[in-house]
Structure formats: C-alpha cells, structure tokens
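Hi everyone, thanks for coming. Please have a look at the picture with me before I start talking.

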Amino acid sequence: MSRVEEYEYQDAAGQGQQAASEAMSTAEEEELQGEKMLLNMGPSHPATHGVLRLILELDGEVITKATPDVGYLHRGDEKIAENMTYTQFIPYTDRLDYLAPLANNVAYALAVEKLLGVERDLPERCQYIRVICCELARLSSHLLGIGAMAMDVGAMTAFLYTFTDREKIYNLIEALTGARFTTTYTRIGGLSRDMPEGWAEQCRHFLTEVVHNIDELDRLLTRNRIFVDRTREIGTLPKEVAVDYGLTGPNLRASGVEFDLRKAHPYLVYDRLRFDVPIGTVGDCYDRYLVRLEEMRQSVGLIEQCLDQMPGGPINLEDHKITLPPKERVLTSMEELIHQFINVTQGVRAPPGEVYFSAENPKGELGFYIHSLGGGTPNRLKIRAPSFVNLSSLPYLLQGCMVSDVVAILGSLDFVMGECDR
Amino acid sequence: MDLVSTMVKISGVVGVLLLVVAYMVLAERRISAWAQDRMGPNRVGPWGLIQPIADGLKFLLKEDFTPNYVKQPFFWIAPAITIVPALMVFAVLPFGSFLGSQKMVIADLNIGVLYTFGIVSLGVYGIVLAGYAANSKYPFLGGIRSSAQIISYEIAMGMSVVPIFMLIGEPGLLKSLGGEGGAWAKFLAGTEGLNFSRVVAYQAESLFNWLIFKQPLAFLIFLVAAFAETNRLPFDLPEAETELVAGYHTEYSSMKFALFFLAEYANMIAASGLLVTLFLGGWSLPFLGLDDPATSVLGGVLHILIFMAKVFAVMFLFIWVRWTLPRFRYDQLMQLGWKRFVPLALANIVITAFVLWTVAGGQA
C-alpha cells in the first residue's frame with residue numbers, strides 16, 4: 001500500500017483513532033520533509049560583524065531554528081575590573097562597544113562618580129563636552145550601523161559613504177582626545193583634556209557636512225524598492241516581545257516603545273537640551289533603520305546646541321581627592337603631592353556601597369553596576385551590555401526567515417561583539 | 001582561405017575579448033571607486049593601467065589549493081565550463097560590417113539567437129557543478145540559487161526576443177535597404193530567420209528603428225534578465241558575499257577562482273554585445289553615412305569601434321547599477337521572474353502579433 005493511500009485510510013478511520021494517526025503522521029511528515037540542513041554561520045562570517053556564531057537549522061532556505069552562540073570575544077572585562085583602580089579600568093571600556101568608545105568612557109565615569117556621590121557636581125563645561133562626546137559616538141555608531149546593514153543587503157556603496165563621514169568623526173575625536181579609536185577620554189571627575197582651540201569650529205563644519213550626507217543616504221536607501229522589500233515586515237518585533245526580551249535603545253524604540261534614558265532619567269545636561277526621540281510603529285528592520293536615521297539628525301542638533309551653550313571654566317572637579325591636582329602644585333605643595341600619590345597608587349577612594357548607573361548608548365542601555373567595599377578598586381563590577389540583551393531576541397526573530405533575511409536582521413540589530421562578550 | 005580567415009577572426013575576437021575582460025576588472029574598480037568617493041587602484045602604472053597584469057600575475061602565483069573533501073574531477077572542470085560558454089557567445093554576433101571583403105562575424109548562423117541561448121545556459125552548469133563539487137554548505141546553497149535563478153530568467157529572456165524576430169521577419173526587409181546588388185545584399189547574403197545580421201540590418205535604417213524604441217518592454221525584460229543571467233547585483237544571489245561568503249566559488253583559489261571571476265566579466269561583455277546587437281543598432285549609427293555596411297577599410301574599422309563603444313556604454317550601466325542597488329532575496333527574485341516578467345513577455349508577444357496582424361490588414 002502506498003503512503004498516500006495509508007493517509008486517506010487513516011483520515012477516514014474516525015475520531016477514535018485520531019490521536020494514534022496523528023502520532024504516526026508527524027513521524028511520517030518528518031520523513032516526507034526530508035533531512036534538515038545545519039548551517040554554521042560564523043564565528044567568522046562577513047555578516048556577523050565580529051565573532052557571533054549562529055547555528056541555523058535550514059529547510060531549503062527557510063530557517064526552522066536558530067541558536068546564537070556568543071562568547072568568542074570574551075576577555076573577562078568584569079573580572080579584570082576587580083584587579084585595578086577605577087581609573088585604570090577606563091581604557092577597558094574603550095573596548096566594549098568599540099564603535100562608540102567615547103560613550104562608554106562617559107557612561108563608566110558617570111557610574112563611578114555616582115558611587116562617589118559627585119555626579120551632579122561636575123563642572124558645566126565638562127558635562128557639555130561629555131554630551132558632545134556621547135552624541136559624536138552615537139553618530140559614528142549609527143553611521144556604521146546603517147552602512148553595515150545596507151551592505152549586508154547588498155548596497156555596498158552606502159557603506160563606503162558612511163565610512164567617509166566616520167573618518168571625519170575620527171579626525172575630530174583625534175583632535176579632541178589624542179586617539180582615534182581607543183580614546184580613554186574621561187577621568188573620574190572630569191576629562192583628560194579640554195577642547196583644543198578651534199575644535200568647535202571644525203565640529204560645526206563637520207555637522208553641516210554630515211547633515212547633507214545623511215540626506216543623501218536617505219535618498220539612496222529609504223525609498224529604494226529593493227531595500228524596502230528586503231527590510232519591511234522582516235524581523236518584526238512587536239512591542240510586548242521587545243519589552244519581554246529586555247531590548248533597549250533604537251531597537252526597542254523601533255518597536256514603538258518610547259523609552260530613552262536621556263529623557264527618562266536625564267543625566268549630564270540632557271534635560272536642558274531640546275531633542276526628539278523617534279519611535280517606530282511596526283518594529284521591523286525598516287523601522288530600526290528609520291529610527292537610527294532620525295536619531296543621527298537629532299544628535300547633530302544636540303551637538304549644535306551644546307556648542308552654542310558651551311560655558312567656560314574648569315573641566316575637572318576641584319576636589320583633588322578625586323581628580324589629579326595640577327602638576328606644578330604637586331611639586332610645590334605637600335597636600336597636593338599626597339593627593340597625587342594616593343590617587344595614582346591606590347586609586348580614588350570610594351565609599352562602601354553599591355550603585356547602578358546606565359546611559360543611553362548608541363546600542364542601547366549600557367549599565368555599570370558597581371559593588372564597593374571601600375577603597376580604590378571595585379569588589380564587583382557588572383556590565384549590562386545592550387548588544388548581549390538585544391541579541392537574545394535572535395531565536396525569536398530568525399524563526400521562519402530565509403537565509404537572506406538573517407543578514408538583514410543582524411544588520412538591523414546593530415550589535416557589537418566586543419560589548420556582547422565583554 | 002576561408003578557414004584561415006575564420007581562424008584569424010576567432011583569435012582576434014578572443015584576444016580582444018580577454019583583454020577587455022582584464023580591463024573591465026580595472027574599469028569596475030575605478031568606476032566603483034568613483035561612485036564611492038574613493039581613489040581606486042591608481043598605483044600600478046599611469047591610472048592603474050598595469051593593474052590587470054599585476055592581478056593576473058598574482059592569481060597565477062597563488063597556491064592552487066584543492067581541499068581534500070571536494071569531488072575532484074568536477075571541482076577542476078567547473079571553472080572551465082563556466083568561462084568557455086562566456087567566450088563562445090561572440091561567435092555569432094556581428095561586431096562590424098566589412099573589413100575588406102571579410103564580413104565581421106565569425107559564424108553567421110541562421111539560428112544565431114538559438115545558438116546564443118543554448119550556449120548561455122551552458123554557463124550555469126559550471127556554477128552548479130562548482131557548488132556541488134565543493135562539497136561544502138555555502139557553495140551548495142549558492143549553486144542551488146544560481147540554477148533556479150538562471151533557469152527562471154532564461155525563459156523570460158528567451159520570450160522577450162520573440163517579438164524582435166517577428167518584426168524582422170517582415171517581408172521586404174532587403175527591398176527597403178536598397179534591394180539586390182547593394183552593400184546590404186552582400187551583407188545579408190544567405191541569411192534568413194533568426195540571424196543577428198538581419199537584426200542589425202533592420203535597425204540600421206533609422207534611429208526610430210532601433211528595437212529599444214520599437215520594443216521598449218522587450219528591452220527592459222531582456223536587460224533585467226541579462227543582469228540575472230550574469231549574476232550581477234541586484235541579482236548576485238549565487239555569490240552574495242555577505243550571506244554565502246562567496247557562494248559557489250568559496251572553496252576556489254588561485255587561477256581557478258580567477259576563471260570564475262573572469263567568466264563573470266566575459267558574460268557581462270557577451271550580454272552587453274547581445275543587448276547592443278538586438279536593441280541598440282549593433283555596429284550601425286543612423287547618421288554620417290555609417291548606417292550602411294562599409295565599403296572602405298576605414299569605415300569597417302569605424303563600425304567595429306562603434307560596436308565596442310556601445311558595448312562599453314552598456315557595460316558601464318552594468319557597473320553603475322551594481323554599485324547603486326541592494327540585492328534581491330531569493331523568493332523575491334523568483335517572484336519577479338515568474339510572476340512579472342514571464343507574463344509581461346508573453347503579453348508583449350501577443351501585442352506585437354496583434355499589431356503586425358492589424359498592419360498587415362487583418363491578413364493571416
């Protein structure tokens with residue numbers, strides 16, 4: 001008897017045998033569907049932007065199951081933090097989200113300052129410069145995010161356009177911090193150095209250019225039929241699901257949740273600046289792209305406002321138990337010499353206690369939880385990495401997609417493995 | 001004598017073709033750089049003109065690595081199967097009128113268009129074999145995609161040219177071109193039916209006779225299908241470097257990889273040559289007396305140059321599109337092929353037939 005006839009016979013056999021026949025038919029269905037293919041994507045694959053590994057179970061080109069495997073870039077940053085002073089850990093924060101090191105520096109410095117109870121006492125100039133840093137980092141990160149997403153769906157040129165602008169941002173960052181990539185710009189209670197002369201003008205000039213280029217990107221992609229076909233209704237993340245997975249940042253806002261830490265818990269001088277928080281409606285790849293595009297325009301506005309309102313004055317806290325005293329006074333006065341010595345050898349002395357501070361980073365909520373027993377080093381430092389949390393939604397997003405959608409979804413999530421694996 | 005002249009033509013065409021292929025790679029890199037605000041290769045020789053030679057040397061000197069899990073005979077033959085058909089398409093294309101007494105076409109087949117489609121579809125075997133022989137998952141997916149893609153677009157492509165041959169099949173084609181004894185009579189001697197020379201002859205009369213204007217829909221379908229056939233963006237799914245790493249040629253290295261690479265460009269030139277011959281008037285220009293087959297050597301050379309210039313213009317379009325558009329998804333591509341282009345091409349045939357029937361006064 002052929003298989004088809006067997007099916008028909010069982011269908012006709014009535015309700016009593018339903019369960020038995022179902023059990024049989026699932027087994028047979030599996031046989032009919034044939035073998036599924038396991039495709040190992042990554043950890044070194046051009047679309048995984050680093051070392052994400054995806055284990056895809058394929059039925060033809062359709063994904064029936066996706067398992068992300070993270071940890072290939074694990075360096076034990078959290079443990080490393082326990083073995084050094086608070087200041088010494090700043091360079092390690094560069095290497096979290098390495099596309100926005102300035103924003104990580106700021107978030108970490110603010111977390112330690114919160115532990116010390118001085119985050120509200122920072123000099124105004126310092127706060128404004130830090131906001132500029134955060135927004136420059138956001139611009140740089142979103143430019144790369146959009147460019148990489150466009151490249152993943154095949155539009156290579158958009159990627160190179162955004163890289164031209166990122167080059168200019170790197171030049172600005174180099175002029176500001178002395179380093180292009182690993183900036184280590186903040187210090188506990190201040191900054192490593194002030195804005196150089198003429199930097200504000202260079203920055204303004206860049207902003208006028210980047211606005212033009214963002215518009216160009218907009219024209220190239222937003223209404224391109226192929227790009228829209230590849231991203232709309234792909235990787236849709238409904239509001240509730242996005243909240244359940246704990247997504248933050250542009251990915252959460254694209255799903256229609258209006259949550260931005262800069263508005264919800266304003267830090268630095270964000271409460272004095274005017275900006276809109278763009279939110280999406282559907283939560284698909286296209287929305288995530290649109291949200292990032294608009295956030296870049298808002299960042300440009302924020303930097304302009306900061307440059308307009310930039311006050312003079314010091315950039316570091318006057319309290320030299322926290323910041324280093326000026327060098328000439330170290331060599332002439334006893335008090336300052338002691339401060340310098342203690343700060344450098346033992347670190348800023350923090351009170352016992354625990355504190356959590358999170359900042360709205362380009363990728364989402366970057367949080368530092370610091371548990372201190374007093375003294376110059378943290379007892380435990382936990383990093384809440386937005387990329388890690390955002391990636392946790394992958395099994396949900398990838399189910400039922402096609403292989404080509406994987407790259408669009410990965411691109412639209414805009415993650416960085418340095419941060420995810422820590 | 002005939003054999004000798006044919007051999008000379010073959011070596012001339014293949015030589016020029018390979019040279020153009022090498023320089024198309026350079027052109028692609030320079031034009032993409034131009035599109036992307038970059039410099040592009042400009043170090044080797046003036047404007048990077050020696051770059052293709054450096055590239056070729058590099059490919060030859062690289063280790064030719066064959067993974068030990070591949071199916072060796074297929075793995076070795078696949079690159080050859082890919083590049084040979086790409087070079088063979090030019091055998092039937094008239095790339096000029098006359099040079100002396102020689103007609104500038106290698107084999108003036110009366111089934112030229114059938115030959116072309118037959119040869120073009122052979123190219124897919126190379127890709128499928130490469131994907132299969134590599135015995136690895138990404139090339140495998142690339143191979144599957146490629147076979148599905150090329151088969152679907154071939155149908156639309158084939159049907160899009162049917163109206164053209166309905167048009168040139170009109171009686172009295174030669175009469176309107178000066179009748180017996182003229183240059184055209186010599187050019188079209190012994191041709192009939194699906195011959196490319198006749199397509200050129202039909203278009204040579206006036207600019208309006210160019211089939212891009214008479215059959216815009218067919219041109220559009222053929223153009224898109226040509227992109228799909230040559231695996232160029234937005235249809236480069238078989239390679240899709242961000243999805244499938246390098247698709248069907250992931251496991252290839254050295255000169256074997258270079259053959260796939262060159263085949264892509266040879267295919268592009270072949271597709272451009274077809275487009276020019278079928279829709280853009282071939283070697284003719286409808287003014288300055290360049291519309292009739294050449295009687296002097298200078299005229300013959302001019303016609304060849306015109307053909308090459310037109311081919312380069314189409315190639316530029318190929319490159320320009322590649323660096324502008326994103327890539328289709330597998331199912332979207334199939335949908336576009338089967339649900340849009342095949343019905344459109346069919347409708348175009350019916351409409352053309354109806355118009356011809358009406359013009360003929362309702363006579364069968």
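Predicted model: local features only at pLDDT ≥ 70, side-chain atom pairs only at ≥ 80, totals over all residues.

Residues are numbered from 1 along each chain as its sequence is written, while chains are lettered from A and ligands numbered from 1 in the order in which they are written.

So, chain B. It has 14 helices and 2 strands; these are DSSP runs, numbered from the N terminus, with helices (H or I) of at least four residues and strands (E) of at least two. Of its 364 residues, 47% are buried, meaning 20 or more other C-beta atoms, placed from the backbone, lie within 10 Å of a residue's own.

Now, how many residues of chain B touch chain A? There are 22, in contact with 26 residues of chain A. Contact here means C-beta atoms, placed from the backbone, within 7 Å. On the chain B side, helices H5 (137-160), H11 (241-244) and H14 (330-359) each supply at least two residues.

Finally, in chain A, helix H6 (residues 124-152) packs with helix H18 (residues 403-413) at about 175°, axes 8 Å apart. Axes are lines fitted to C-alpha atoms over the stretch in contact, and angles run from 0 to 180 degrees between N-to-C directions. That makes H6(A) roughly antiparallel to H18(A), the word for angles over 145 degrees. Ala148(A), Met149(A) and Asp152(A) of H6(A) meet residues of H18(A) including Val407(A) and Leu410(A).

Methods: Parallel < 35°, antiparallel > 145°, perpendicular 65-115°, else oblique. Contact = placed C-beta atoms within 7 Å. Buried ≥ 20, exposed ≤ 12 C-beta atoms within 10 Å, placed from the backbone.
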